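Here's a quick briefing to read with the picture open. Take a look at the fold first, then work through the points below.

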Amino acid sequence: MFAIPLRARDGERAELRPLEPWQSEEFYAHVERGRDFIGRYIGFADAAADPAGARALLQKYADRQAAGGGRIYGIWLDGTLVGGVLFVSLEGDGGTCEVGCWLEPAAVGRGLVTQAVRHLVDWAVDARGVHRVEWVAATANAASVNVARRLGLRRDGVLRESFPHRGERYDMEVWSVLAPEWRELRQERARTEG
């Protein structure tokens, strides 16, 4: 197994690593801690309503990964699962992917999602040859929209009332970056962070 270290606050240890079906109890406990917060805009909090649902969700992503079409990763902070990032969809060889994220409240505001998504996009562009990376977020989800901005993605537009969730219909913003743009952003970041 592998883990990618993420920068955390002084004294904290954060890492990104695969989230797999055998971790379903830990995943379920994490969702329980942040269910209301996570579920405001993300449907999988409802899908992981019980331990069996949590396992089924992780198995769905394990199956997608085996087929080359999606992946899910957890973010651990001092050994506790606090959120994650995922490929909602993934088409390599010049195709597209959609990346997404979630966090429980204890992990908000630490920059962990932004760092983790950068690793996913780097891998998608460099290893899988993805040409277009998409980020889709409810307009009302300011935190997710701000991640897209911090990553340097461009806002393509708004799909009005396209996402029905918990009795409401949300406008969804589509953000994207193309592989050549991502490489430029990465070089720029390397120069400024030096």
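This is a predicted model: local features need pLDDT of at least 70, side-chain atom pairs count only at pLDDT 80 or more; totals for chains, interfaces and linings use all residues.

Residues are numbered from 1 along each chain as its sequence is written, and side-chain values use heavy atoms, with hydrogens and water left out.

**The whole chain**

- You'll find six helices and eight strands here; helices (H or I, at least four residues) and strands (E, at least two) are DSSP runs, numbered from the N terminus.
- Starting at the N terminus, the order is β-β-α-α-α-β-β-β-α-β-α-β-β-α.
- The radius of gyration is 16 Å, close to the 16 Å from the globule rule for 194 residues, so the chain is as compact as a globular protein of that length. (The radius is taken over C-alpha atoms, and the rule is 2.2 Å times the number of residues to the power 0.38.)
- Along its principal axes, the C-alpha trace spans about 45 × 40 × 35 Å.

**Inside and contacts**

- Of the 194 residues, 46% count as buried (buried means under 20% relative accessible area, exposed over 50%, partly exposed in between, with a 1.4 Å probe and protein chains only).
- Take the contacts (heavy atoms within 4.5 Å) between residues at least 6 apart in sequence: 59% of them join residues at least 24 apart.

**Strand β2 and its partners**

- Strand β2 covers residues 14–18, and five of its five residues are buried.
- On one side of the story is strand β1 (residues 4–6), which runs antiparallel to β2 and is joined to it by three bridges; two strands pair if DSSP finds at least two bridges between them.
- Strand β3 (residues 71–77) also runs antiparallel to β2, with five bridges joining the two.
- Glu15 in β2 shows up in both pairings: it stands opposite Pro5 and opposite Trp76 in β3.

- Some background: most residues other than glycine have a negative phi.
- Asp78 isn't a glycine, yet its phi is positive, at about 50°.
- Where does Asp78 lie? Look in the loop between β3 and β4 (80–90).
- Asp78 is partly exposed, with a relative accessible area of 43%.
- Glu161 also has a positive phi, near 45°, but Glu161 is found in strand β7 (residues 154–165).
- Buried or partly exposed: which is Glu161? Glu161 counts as partly exposed, at 49% relative accessibility.
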